[in-house]
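Q: I have a structure to go through with you. Could you take me through the parts I ask about?

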Amino acid sequence: MPVVIGFEGSANKIGVGIIRDGEVLSNPRRTYITPPGQGFLPGETAKHHRGVILTVLQEALDEAGLKAADIDCVAYTKGPGMGAPLVTVAIVARTVAQLWGKPLLGVNHCIGHIEMGRLITNAQNPTVLYVSGGNTQVIAYSERRYRIFGETIDIAVGNCLDRLARVIKISNDPSPGYNIEQMAKKGNKYIELPYTVKGMDVSFSGILSYIEDAAHKLLSTGQCTPEDLCFSLQETLFAMLVEITERAMAHCGSQEVLIVGGVGCNLRLQEMMGVMCKERGARLFATDERFCIDNGVMIAQAGWEMFRSGHVTELSDSWITQRYRTDEVEVTWRD
């Protein structure tokens with residue numbers, strides 16, 4: 001039963017998690033939060049991560065009740081993500097692996113989300129909807145790859161939500177997406193927005209441009225409230241995601257849906273997906289914010305699977321990449 005420690009820091013979350021044979025031993029994390037109306041920049045995010053990563057590492061070890069000698073492998077996020085934060089985490093993971101004399105493993109961020117979701121929910125062979133601030137993909141496993149059946153052709157769904165939060169100055173604490181979700185519950189007027197599904201792919205940039213242009217006019221003239229805008233954007237974006245997920249399910253003959261990624265803990269998205277699954281006689285699987293939002297233990301879990309199937313990353317190959325496709329990874333740990 002190998003024990004794997006995972007380092008995640010591809011965006012504004014820095015997390016360190018430890019897993020042993022499917023058991024989560026620890027999973028502390030910190031979030032870099034910016035003032036309302038502002039996003040997070042790579043350099044400032046990396047500075048935040050550098051300031052807290054050793055504290056988070058010590059918390060993970062203390063919470064798990066383990067020492068360096070108890071760890072069998074060190075996993076880190078290789079990509080995709082923001083360059084400067086990824087480099088920060090990779091340097092720490094490389095240093096720790098060398099100091100402790102442990103093998104190193106570079107993990108695909110999306111694979112981490114999928115494997116964590118499969119572990120927590122016990123989904124067997126689901127159609128996966130991966131939705132976050134930087135990624136939007138519909139994925140299914142086939143012949144040792146996680147195949148991408150559909151994806152965004154421009155920006156990610158989480159980015160679209162975050163940008164609305166900036167326009168109408170919604171707080172980034174604990175996250176703009178969470179605050180939009182709470183405001184949307186109070187919205188009761190639907191504002192018609194562009195709906196852009198292109199085959200199996202989706203496009204969010206046109207919706208964003210429309211709502212950025214119209215928001216101040218609609219709000220200043222009293223045609224709607226900020227809550228109405230949040231409600232309308234959520235309903236439109238999530239309907240598009242449900243549509244392409246259902247299409248992928250039909251193509252694969254799948255009876256399971258697994259939602260992963262930071263946007264995946266949105267209860268309205270889960271509710272809409274649940275209605276579609278019920279109509280198809282399928283099952284929906286999702287996790288809460290502990291495992292949906294970027295965290296260290298998801299990297300540890302994917303690393304655990306990879307390590308057991310013989311993967312190790314040589315020090316000379318332990319670089320990072322901002323572009324790392326989900327379907328580039330050979331999945332040697334599944335039948």
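A: Helices (H or I, at least four residues) and strands (E, at least two) are DSSP runs, numbered from the N terminus. This is a predicted model, in which local features need pLDDT of at least 70 and side-chain atom pairs count only at pLDDT 80 or more, while totals for chains, interfaces and linings use all residues. Residues are numbered from 1 along each chain as its sequence is written, and side-chain values use heavy atoms, with hydrogens and water left out.

Q: Which residue stands opposite Tyr146 in strand 9?
A: Tyr141 stands there. Strand 8 and strand 9 run antiparallel and are joined by six bridges.

Q: What is the strand order in the open sheet?
A: The order is 9-8-7-12-13, five strands with mixed pairing. Strand 9 (145–151) and strand 13 (283–286) are the edge strands, each pairing on one side only. From one strand to the next, the twist averages 25°. Axes here are lines fitted to C-alpha atoms, for helices over the stretch in contact, and angles run from 0 to 180 degrees between N-to-C directions.

Q: Which strands does helix 3 lie across?
A: Helix 3 (residues 109–121) lies across strand 7, strand 8, strand 9, strand 12 and strand 13, and runs at about 125° to strand 12.

Q: And the second largest pocket, what is its volume?
A: About 190 Å³. On a 1 Å grid over the protein atoms alone, a pocket is an open set of points where a 1.4 Å probe fits, with protein on both sides within 12 Å along at least five of seven lines; lining residues have an atom within 4 Å of a point. Grid points are joined across faces, edges and corners, and the volume is the space filled by probe spheres set on the points.

Q: Which element gives the most to that pocket's lining?
A: Helix 3 does, with three residues. The lining of the second largest pocket includes Glu115, Arg118, Gln301 and Trp333.

Q: Changing topic: is Thr245 buried or exposed?
A: Thr245, in helix 7, counts as buried because its relative accessible area is 0%. Buried means under 20% relative accessible area, exposed over 50%, and partly exposed in between (1.4 Å probe, protein chains only).

Q: What is Thr245 in contact with?
A: Leaving aside neighbours within four places in sequence, Thr245 is in contact with Thr127, Leu129, Val138, Val257, Met273 and Met276. Contact means heavy atoms within 4.5 Å.

Q: Where is Asn266 found, and what does it touch?
A: Asn266 is in the loop between strand 12 (256–260) and helix 8 (267–280). Not counting residues up to four places away in sequence, Asn266 touches Glu181, Gln234 and Phe238. Asn266 counts as buried because its relative accessibility is 4%.

Q: Which residues of helix 4 are buried?
A: In helix 4 (residues 157–167), they are Val157, Gly158, Cys160, Leu161, Leu164, Ala165 and Val167. The elements covering them include helix 5 (176–184) and helix 6 (205–220). Just after helix 4, Lys169 takes a positive phi of about 60°.

Q: Last one: how many residues of strand 2 are buried?
A: Seven of the eight residues of strand 2 (residues 13–20) are buried. Strand 1 (residues 3–8) runs antiparallel to strand 2, joined by six bridges, and Val4 stands opposite Ile19 in strand 2. Strand 2 also pairs with strand 3 (residues 23–26) in the antiparallel sense over three bridges. In the hairpin of strand 2 and strand 3, Asp21 takes a positive phi near 50°.

Key:
Two strands pair if DSSP finds at least two bridges between them.
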